[in-house]
6 protein chains.
Amino acid sequence: MARPVLLFSGSWADLALEELAQQAGDWGYQGLELCCWGDHFEVQRALSEPDYCQQKLDLLSRHDLAVMVLSNHRVGQAVCDPIDRRHQALVPDYVWGDGSPAGVQQRAAEEMTATVQAAEKLGVGVVGGFGGSALWSYVVGYPGPTPQVVREGIEDFVHKYTPILDACRDHGVRFAFEVHPGQIAFDLYSTEMVLDALSGREEFGLLFDPSHLHWQGVDPVEFVRRFAERIYHVHVKDATLTLNGRSGLLGSYLPYGDPRRGWDFRAPGHGGIDWEAVIRTLNEIGYDGPLAVELKDPGMNREYGADEACKFVKRLDFEPARPGGGEAFRPS
Amino acid sequence: MARPVLLFSGSWADLALEELAQQAGDWGYQGLELCCWGDHFEVQRALSEPDYCQQKLDLLSRHDLAVMVLSNHRVGQAVCDPIDRRHQALVPDYVWGDGSPAGVQQRAAEEMTATVQAAEKLGVGVVGGFGGSALWSYVVGYPGPTPQVVREGIEDFVHKYTPILDACRDHGVRFAFEVHPGQIAFDLYSTEMVLDALSGREEFGLLFDPSHLHWQGVDPVEFVRRFAERIYHVHVKDATLTLNGRSGLLGSYLPYGDPRRGWDFRAPGHGGIDWEAVIRTLNEIGYDGPLAVELKDPGMNREYGADEACKFVKRLDFEPARPGGGEAFRPS
Amino acid sequence: MARPVLLFSGSWADLALEELAQQAGDWGYQGLELCCWGDHFEVQRALSEPDYCQQKLDLLSRHDLAVMVLSNHRVGQAVCDPIDRRHQALVPDYVWGDGSPAGVQQRAAEEMTATVQAAEKLGVGVVGGFGGSALWSYVVGYPGPTPQVVREGIEDFVHKYTPILDACRDHGVRFAFEVHPGQIAFDLYSTEMVLDALSGREEFGLLFDPSHLHWQGVDPVEFVRRFAERIYHVHVKDATLTLNGRSGLLGSYLPYGDPRRGWDFRAPGHGGIDWEAVIRTLNEIGYDGPLAVELKDPGMNREYGADEACKFVKRLDFEPARPGGGEAFRPS
Amino acid sequence: MARPVLLFSGSWADLALEELAQQAGDWGYQGLELCCWGDHFEVQRALSEPDYCQQKLDLLSRHDLAVMVLSNHRVGQAVCDPIDRRHQALVPDYVWGDGSPAGVQQRAAEEMTATVQAAEKLGVGVVGGFGGSALWSYVVGYPGPTPQVVREGIEDFVHKYTPILDACRDHGVRFAFEVHPGQIAFDLYSTEMVLDALSGREEFGLLFDPSHLHWQGVDPVEFVRRFAERIYHVHVKDATLTLNGRSGLLGSYLPYGDPRRGWDFRAPGHGGIDWEAVIRTLNEIGYDGPLAVELKDPGMNREYGADEACKFVKRLDFEPARPGGGEAFRPS
Amino acid sequence: MARPVLLFSGSWADLALEELAQQAGDWGYQGLELCCWGDHFEVQRALSEPDYCQQKLDLLSRHDLAVMVLSNHRVGQAVCDPIDRRHQALVPDYVWGDGSPAGVQQRAAEEMTATVQAAEKLGVGVVGGFGGSALWSYVVGYPGPTPQVVREGIEDFVHKYTPILDACRDHGVRFAFEVHPGQIAFDLYSTEMVLDALSGREEFGLLFDPSHLHWQGVDPVEFVRRFAERIYHVHVKDATLTLNGRSGLLGSYLPYGDPRRGWDFRAPGHGGIDWEAVIRTLNEIGYDGPLAVELKDPGMNREYGADEACKFVKRLDFEPARPGGGEAFRPS
Amino acid sequence: MARPVLLFSGSWADLALEELAQQAGDWGYQGLELCCWGDHFEVQRALSEPDYCQQKLDLLSRHDLAVMVLSNHRVGQAVCDPIDRRHQALVPDYVWGDGSPAGVQQRAAEEMTATVQAAEKLGVGVVGGFGGSALWSYVVGYPGPTPQVVREGIEDFVHKYTPILDACRDHGVRFAFEVHPGQIAFDLYSTEMVLDALSGREEFGLLFDPSHLHWQGVDPVEFVRRFAERIYHVHVKDATLTLNGRSGLLGSYLPYGDPRRGWDFRAPGHGGIDWEAVIRTLNEIGYDGPLAVELKDPGMNREYGADEACKFVKRLDFEPARPGGGEAFRPS
């Protein structure tokens, strides 16, 4: 379908953007999903320095790369999470500040609003990200939450993201929220609940990444069909089940790549996702936005993987039927 | 094998023990796993009233019921959990006190030690229970814990449970820890980590409940073989996967019994557990303790289920081979 | 749940009703789904002879059998089918008449209306049956029908059944239409189309028989959930796939029982239907009508099968949970 | 094996042959299966105009395309089908005539004989096609046909196709009948019945298209082995099951491409056919005729698909072992 | 179908026949498959002592047990096997003699002929047994046998069993050869080869034991259909696959019952055999001989198992349909 | 990972080495696993002729081919096997001699020692091969071996291979024993037994060929993990299960390529091996030796296959992750 193939820059934050852009261009990518950590994109500089955005765009265009999505998963996570020491590594120092939970959450929310403003300056229509969750620790543990507790947790998310979504409305930007474990919405029905709670406001849509659904047993095809009009961005990442009787789906605290885990991430096409069905369904709903390769495969050299993945996505992304095509054999 | 078939009393805490005992006897159970909530067993009264334990034993023996395990899952949960409002419903008022997290944890630990003492008074050799976990919210969410954080969480459990296990040693009681989501050990490899951290002290063993392993993809047979000498108690509870493309294993915040969930509990024999294989493996390792029916099936009348489950377990529990049996056809 | 267990009399039309009733009572059935062929029930006599219905009821009550459903599948089939020589064997002589297609269809429709009137006289609230279809030959063949042709076929059904449903309304009877290959509605989506075309009039509901869905690949559980409020009657019949590479689902013109077929009918519990899931879903939607055993197993003696099936259904039909049951372990 | 790769022209009847030939040559096809509808090939002109055939051959040879099969599925369908309004769109006006069923059937049979004569003029040894069926509406519906009815339907086919096969014999042409739903033979055992009824006359063989077998549950490998000496032509078309609990194999009257269907067609390699096994079995039986791509994929642009399919078939069609090859490691 | 349910006595050769008969009668068996080892049946005494056979029959009839099959697997094995030290434990001393291979084979063949004579004296029409194989070590190893070597091995079997089968013919007895690994015929195609080599002589038929086919991947149903007229006796024994990634089908030299094996035997109904399909197929071919329980389950007490298995077989063995039954719903 | 891709020369012993080398170079191979039969490599000439080895190396280097493994499967087989007529075709005349079993075994052992010496002269560090087995005929047959018999068979292997392994030690060569049916070690647990019996001496490791494990039900990934430090060489060969109810895993004496077999060999990527998982596991254990294509596919032209397989392996063999790669998205 010739959708643009992007590379998610966040997996390469240890590289300077210049270096990454050079390689991404060589591999054949047509653009980046630019992430707000490392030196790739700094929100406050973008707002305060007049040339910052243009310089980034110039740098990328030298390698024939466009920017179509600006993402800030790390800071978004701190907006609704109960803050603990793990979050210090996720956010800029000026967001962490003194580390008091309420303060961090408040500054993180302001930084997300700033990210929306920066996106407008950069000429990008979609901000991607996480949101954090007050409810995460209650999922599948003991004791489970009462319906009342669930309702309050979702309302907390609505309350904290409403100003950010208002900024989206005012700046002509859409927020693509990544459905993902650890977030307020992590599977099909929890996504329904959150969309209901937001009363369907149009600024809020979904970043669809099938890898996070696959290992939970959720069919990515059903997910896309259910939220057809809300798919605002797509990640191409794969996952595989490695259940052998001893491993389990909750992962035993083991890091990615440990062969004792019950599931793991894979480069696109190296896992269990039925990409043929995913592409057909994206065609079916008329999604024509970008496909962003998020490369995270603990068993593969990432340069090798990024090169191969770009070719994989281009080969995969066939053209959908035009109305009437292929029916010449049948009576009309 | 004629292992004793018990009924886990905790699912019937809304009934007075007298009433439950009557029914359990009628259904054919040979004893109870007696739980320390409702009026079934009150730890402080057991320690302070001279006749309390004997009266309980008398009540049960009138219905031909023995007590073989004393369980205190609810209070155990508060020992290591970060305390929040959900815990108030789990523990007695004198444990909750002012509700300050450190105080609740401290008093919960003392109550577990008291439970061990009460078990000795009751003449019971096994205390069953949960333990809580400082790490639960880090499982499968974002951001994941570093190995250092995992290590500290497990050490926290060891630190808090050491006095309780010391009491076990002093009072001739063993602690059967239930491997379960929400606990420090919830699958095979996390159980390995916890047993390693405890340096194999003999007071600490496992309450094996296959239902919690099944939906995670962990094979109960592999679990029993791996921890053969540490199976101190067994729950007979079933679970079923209800994945249909839209439902997911993390459950979408939905209560048990909601058909949109990706898995659910079932009465024994009504789910996906391979009980034939479980019994053969318990035979293989020589487990000769009780089998306790924990009845939790959101689609079945619990009286109907308890009656049927008792028959199911008795039919299931066939005798293992005696050495040399069945080999008369082969050359010796 | 103690739903009444009936025997579908139509599979025994070669026996006099007296003889069948004797046996059905002995096997433990609580009633019959009485069919309007053989001597079991004659519609015109029921309308013209004052004592006919009472004599049938008396006969059955001598064997402790109730009548809860009156069925007329054979005549119903001729209402919308293009009539050919096969239909002569299905309908009474006075319906066949001269065999001209339009005349047979017209007289069959009148007979169905008469069946509704007879049901009222008999004191039965549900009439079961087939409906025939002008579209059947277009399903999966070549050339396929255009959407216009499909629409007209469904409208033909609505047109021909409207007087019959009007009679239902006037006589306080509901029509339970059996979703089945050969009928206008034969799977989930075709049932949706027909219900839509009837604008949801309440006299029209479904006779749910999972055996006809199973071999088509339709999940009976999804079907029951989708049409929860429209399940007016249930058949307990099983089916099995016997695909071995050479056999096929369209059956190769082979009669039931031929081992070369790709699927076949089975006595309840001897096929591939997940009855546990079916019963749980009937419980979930609150269906409290009868369960009628339709015995059709080409490999089993039918007396043996009827006896066993009655016990099977009684054992299967467990009581659903009462609100609040089984939750005593969880915080409230 | 370097079998010739053809494109089935019938799916492109909306294009002029000149235009199709240009594209087919560019994509790499080595010939066409030429269909007798659209302007691709007109049977009566071929018989009446002296240069017609040569001009077609010249046109195709300009694009390096050969003609190896001449197909007339649409007219063949009308030979045995009960004629209804759908057939008017399938046949030329002079075959339809006044539309009286017997007349249409008769003229369709004569046109098939003419097609055989035209094939000889064109220098082509195989005519492909459908045949229609008097029995189709009796497959899987209600009431089923008696064995007598089946026998008569098959004899009707034999009776009507005998003159056409006689023409084949006289003109040195073989008829490749496509086994397909809607035809007298649609799976393995019905094909056996038809071949038996024809007493094995050599002019009659099979057009093997695995897509029509796959969704019925028939294994294409078993089919090829069973009729090894009767495979006269091969279509390369794929199909996929899309069963999700709600969809069914009988398709709910839904058009191809509708995501609610239980199966659908796919471009080669994009469905569930095990092409590796198909090619190995064609090698095993020594089939050395052409492989014709019939492109029908409701989710793929047909130009994209035709281009890709040609490459797919060439890559797939590996060389079989030569006798003795690969055994040098083993003792002789 | 009320086929007689027998107990294979060979698995109880450590018990005196008197003791076994007492138990078998209590468990509900209707007869024994009497084995020629232990004290159950001694061939030479049966031939030389006038009352021997009658005394055995009297003993058994005191417990309401019939004898329907006489089996001598152990001696039969030595007829064609390359003799090694393992065989000494299988045969009586007078067959072993000096242990020279040719002598042992010769005396074993004579003992099998004597077994046939003894069967006639006992009034039993079927002798069951093994045959040994000169080819066994060539199956799946390296280097494989040439077709010439295979042919010679099968001819060796024919040559050595011809005198035994001649005796069968002369004494009115049939030989039921058990298809089993280690024998000349061990799966479907090797059984075809052996039957072909014997030119279909009627004295030679098969002892069908599905457990030996199941773990090899051979479907017992296909086997019964293929050799319908040659099933002379049936063993009811089960087997289970225990593949977990590490275990393998060749068993790693591990004894039965070792959990590291890739398959193992099971009591009937406790393994992977589809008994429903087996019984339906025995019904289909009209087998009306006995069903003999061979109890070999390394994880189950054999007394428990024998008791349960007798009930299992009786419940399983339902009556097949009578012609015409169950079709009353369909037009005739 | 850029491991060298070799071609196993033994499957091409009918070609002169010169001819094979030419082709192997053209296909893109980087070396050969050179086999000691045909004219590829003659052990006695290598030891007796001063220039023999250098000439072989020169010949190969003209085609840019290296030698990394020297293999002598055929002679190795005769060391422990009970010798029969099949072995004459496997070994040189001077090893066969008079064919007396003990003499053949003795001379085969000496030839294996000579092969080790020749490897040193050739500059090759790994000798590959089979070993034969005194126990093979006891695997899965009847009567099974006693544990004592198994123990003695394994000790026989240790005894006969000890001098050969001593030569390895003295000449700086490692022996890669191919785990394979027909050998003393053929699956995971039998390999454990043999390694234990050899007390872990370092000269003895494994030639891992997943095709021989796959059809036995052993997971190649588990095998590699279990013996991570003992994988001395790898064969890339595929296998497929072709079970259809009639075929079986023991193969019915049928030759490779016969469609009635239950499994068969396949060119790499054309069978059932999960190569993605195999490569990831070889990466995981740090195996950096060669990957040798052993081409044996009874349905594919071997030249076609060798060409395709070289490309397949190069594409498959992706680079593993470098420490730290791909983690830039996560907090450090």
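This is a predicted model: local features need pLDDT of at least 70, side-chain atom pairs count only at pLDDT 80 or more; totals for chains, interfaces and linings use all residues.
The predictor assigns the complex an ipTM of 0.94 together with a pTM of 0.95. For chain A, the pLDDT averages 95, and 97% of the residues score at least 70.

The interface of chain A and chain B brings 54 residues of chain A into contact with 53 residues of chain B. The size of an interface is often given as the accessible area lost when the parts come together. On that basis, chain A and chain B bury about 4,900 Å² between them, with 63% of this area on carbon and sulfur atoms. Tyr142(A), Leu250(A) and Tyr253(A) account for 20% of the area that chain A buries against chain B, which is more than any other three residues supply. On the side of chain A that touches chain B, the elements giving two or more residues are α4 (73–80), α7 (147–171) and α8 (188–197) of chain A. By class, that side of chain A comprises 26 nonpolar, 17 polar and eleven charged residues. Between chain A and chain B the count of salt bridges is four, and a salt bridge is also found between the side chains of Arg246(B) and Glu222(A), with an N to O distance of 3.9 Å.

Over all chains, the structure holds 138 salt bridges. In chain A, the side chains of Glu284(A) and Arg225(A) meet in a salt bridge with an N to O distance of 2.8 Å. This pair links distant parts of the chain, since Glu284(A) belongs to helix α11 (residues 275–285) of chain A and Arg225(A) to helix α10 (residues 220–226) of chain A, 59 residues apart. Glu284(A) is partly exposed, at a relative accessible area of 39%, and Arg225(A) also counts as partly exposed, at 31% relative accessibility.

In chain C, Arg225(C) forms a salt bridge with Glu284(C), in which the closest N and O atoms are 2.8 Å apart. Here too the pair links distant parts of the chain, with Arg225(C) in helix α10 (residues 220–226) of chain C and Glu284(C) in helix α11 (residues 275–285) of chain C, 59 residues apart. Arg225(C) counts as partly exposed at 31% relative accessibility, and Glu284(C) is partly exposed with a relative accessible area of 38%. In chain A, salt bridges that share partners join Asp166(A), Arg169(A), Asp170(A), Arg201(A) and Glu203(A) into one network.

In chain B, a salt bridge connects Arg302(B) with Asp14(B), the closest N and O atoms being 2.7 Å apart. The two residues lie 288 residues apart and link distant parts of the chain, Arg302(B) being in helix α12 (residues 302–316) of chain B and Asp14(B) in the loop between β1 (5–8) and α1 (17–27) of chain B. Arg302(B) counts as buried because its relative accessibility is 12%, where buried denotes a value under 20%.

A buried position in chain D is provided by His40(D), which is located in the loop between β2 (31–35) and α2 (43–48) of chain D and has a relative accessible area of 0%. The side chains of His40(D) and Ser9(D) are joined by a polar contact of 2.8 Å, while a polar atom of the His40(D) side chain lies 3.3 Å from the backbone oxygen of Trp12(D). When residues up to four places away in sequence are not counted, the residues that His40(D) touches include Ala13(D), Leu15(D), Leu17(D), Leu20(D), Leu34(D), Cys35(D), Tyr52(D) and Lys56(D).

By contrast, Glu155(C), in helix α7 (residues 147–171) of chain C, is partly exposed, with a relative accessible area of 48%. The C-alpha atoms of Glu155(C) and Leu198(C) are separated by 8.9 Å, although these residues stand 43 residues apart along the chain.

In chain E, helix α11 (residues 275–285) is largely enclosed by the rest of the structure, because eight of its eleven residues are buried. The buried residues of α11(E) are Trp275(E), Ala277(E), Val278(E), Ile279(E), Arg280(E), Thr281(E), Leu282(E) and Asn283(E). After α11(E) comes Gly286(E), whose phi is positive, near 80°.

Terms used:
Residues are numbered from 1 along each chain as its sequence is written. Chains are lettered from A and ligands numbered from 1 in the order in which they are written. Side-chain values use heavy atoms; hydrogens and water are left out. Contact means heavy atoms within 4.5 Å. Buried area is the accessible area (1.4 Å probe) that two parts lose on being put together, summed over both. Helices (H or I, at least four residues) and strands (E, at least two) are DSSP runs, numbered from the N terminus. Ala, Val, Leu, Ile, Met, Phe, Trp, Tyr, Cys and Pro count as nonpolar, Asp, Glu, Lys and Arg as charged, and the others, Gly among them, as polar. Buried means under 20% relative accessible area, exposed over 50%, partly exposed in between (1.4 Å probe, protein chains only). pLDDT is the predictor's confidence in each residue, from 0 to 100. A polar contact is a pair of N or O atoms within 3.5 Å; within protein, one must be able to donate a hydrogen and the other to accept it, and residues adjacent in sequence count only if both atoms are side-chain atoms.
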